[in-house]
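Try each task before you read its solution.

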Amino acid sequence: MAAAPNNAPTAVDKEQIFGMAEKEMEYRVELFNKLTHTCFNKCVEKKYKEAELNMGENSCIDRCVSKYWHVTNLVGQLLGAGRPPM
Amino acid sequence: MAAAPNNAPTAVDKEQIFGMAEKEMEYRVELFNKLTHTCFNKCVEKKYKEAELNMGENSCIDRCVSKYWHVTNLVGQLLGAGRPPM
Amino acid sequence: MAAAPNNAPTAVDKEQIFGMAEKEMEYRVELFNKLTHTCFNKCVEKKYKEAELNMGENSCIDRCVSKYWHVTNLVGQLLGAGRPPM
Amino acid sequence: DSLPEEDKLRMATMIDQLQIRDSLRMYNSLVERCFTDCVDTFKHKSLQKQEETCVRRCAEKFLKHSMRVGMRFAELNQGAATQD
Amino acid sequence: DSLPEEDKLRMATMIDQLQIRDSLRMYNSLVERCFTDCVDTFKHKSLQKQEETCVRRCAEKFLKHSMRVGMRFAELNQGAATQD
Amino acid sequence: DSLPEEDKLRMATMIDQLQIRDSLRMYNSLVERCFTDCVDTFKHKSLQKQEETCVRRCAEKFLKHSMRVGMRFAELNQGAATQD
């Protein structure tokens with residue numbers, strides 16, 4: 001944004017760079033968490049009769065992640081984001 | 001809080017000022033987000049048969065925002081907050 | 001992690017110490033908030049016929065907090081956390 | 001304990017700020033909860049009498065609940081500390 | 001107003017960063033909402049035609065809703081400010 | 001790559017801290033989820049045997065789920081990266 005008169009980044013520039021990197025990472029963590037919770041709700045049996053994921057649950061999870069990825073891309077396009085959302 | 005011996009704010013004073021401003025903004029953003037999600041849940045049909053908001057939804061949204069505002073003020077009074085909550 | 005050549009903590013060390021303390025406090029606040037909301041959902045009548053908690057609600061709350069504490073410890077053990085989770 | 005004055009001050013400021021953030025979040029979530037539980041019709045722009053009564057009771061009840069949870073929670077924490 | 005240049009710049013940076021964080025969170029919660037409301041069968045790996053249509057409408061509707069809420073919210077804030 | 005040592009260290013510290021925060025949040029939300037799904041009666045102060053079994057399975061199942069999601073997510077991210 002504001003260009004420094006010489007090439008060395010100022011303290012404020014650095015705050016921006018680190019701040020952006022931090023927001024980006026927070027975004028990815030939040031995306032992963034929402035994806036994990038949403039697909040758990042959609043795919044996993046909640047009576048917990050056993051501690052293992054069965055075959056049906058496993059294939060549901062794989063497809064759920066794949067579809068969530070598509071929805072993320074689709075919404076990203078609609079919002080006109082220029083950069084890849086994941 | 002802690003008064004500096006002269007008028008120039010210390011580094012810690014500045015941290016407090018910026019910290020307060022940041023919390024205040026975070027609060028407003030969170031208020032707006034909760035309001036938006038709550039009124040969407042209360043007013044908007046979730047089968048998404050069309051991409052437009054119809055008249056009934058629009059008037060519901062206006063009233064929902066107005067009522068949410070009143071509840072925010074009411075709860076603010078009950079909590080004894082001295083300053084306007086929105 | 002990175003040991004400073006002398007005993008005085010460097011700026012980065014200090015960031016880590018303050019950062020850890022901050023995360024720890026955030027964790028406790030979040031634990032308390034989740035506990036409060038979960039036990040409210042499990043124990044309190046939502047028609048709000050009165051502003052007081054009745055005896056049944058009060059004893060439910062006490063047991064709910066106690067059980068939540070046990071679940072926190074149990075999950076902490078499963079995750080293999082070496083330190084007390086609350 | 002052995003922290004220099006400047007660091008103690010910084011730690012105190014951090015705790016203050018976390019408490020401010022926490023109160024503001026509590027306020028926001030209390031509003032959201034009581035609004036969701038008490039307001040369900042949107043024929044008017046202003047809060048109806050019985051909705052207002054419901055919100056008042058909801059907020060009061062939640063605050064009492066929250067204080068009770070805080071006391072029980074503190075007891076458990078203390079018990080855990082003395083077991084060390 | 002009386003802030004030195006350096007502090008103004010720092011404040012502006014802070015506001016920018018909060019807005020970036022807010023947009024990213026909005027994006028995440030929009031995806032979560034439209035996915036939850038529109039996708040319910042997991043027989044295929046890819047999004048089905050009617051699911052895609054549903055997601056598009058959901059996102060569009062939510063954004064229109066959000067803008068309307070923003071306008072009403074600004075009016076109320078302004079009204080509250082002039083009442084002072 | 002061209003960052004000075006001090007900045008690399010700062011970046012690494014930031015990543016560490018976000019991971020710590022993330023683990024603590026995951027822990028909190030795992031407790032909340034398994035408690036909500038498994039504990040529904042409040043006649044006793046202590047966890048009953050079948051509640052404890054339920055919590056153990058719930059936590060284990062969620063962790064396995066989370067690892068699987070992580071693997072699929074990484075594959076998709078890698079696929080997206082190579083398509084560039």
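A disulfide is a pair of cysteine sulfur atoms within 2.5 Å. This is a predicted model, in which local features need pLDDT of at least 70 and side-chain atom pairs count only at pLDDT 80 or more, while totals for chains, interfaces and linings use all residues. Residues are numbered from 1 along each chain as its sequence is written, chains are lettered from A in the order in which they are written, and side-chain values use heavy atoms, without hydrogens and water.

**Exercise 1.** Work out the handedness of the disulfide between C:Cys39 and C:Cys64.

Solution. Start with the distance: the two sulfur atoms lie 2.1 Å apart. Next, take the torsion about the S-S bond, which is about -90°, so this disulfide is left-handed. Now place the partners: C:Cys39 sits in helix α1 (residues 11–43) and C:Cys64 in helix α2 (residues 55–78) of chain C, 25 residues apart. (Helices are DSSP runs of H or I, at least four residues, numbered from the N terminus.)

**Exercise 2.** Decide whether C:Cys39 is buried or exposed.

Solution. Recall the cut-offs: buried means under 20% relative accessible area and exposed over 50%, with partly exposed in between (1.4 Å probe, protein chains only). C:Cys39 has 0%, so this residue is buried.

Methods: Helix = DSSP H or I, 4+ residues; strand = E, 2+ residues; numbered from the N terminus.
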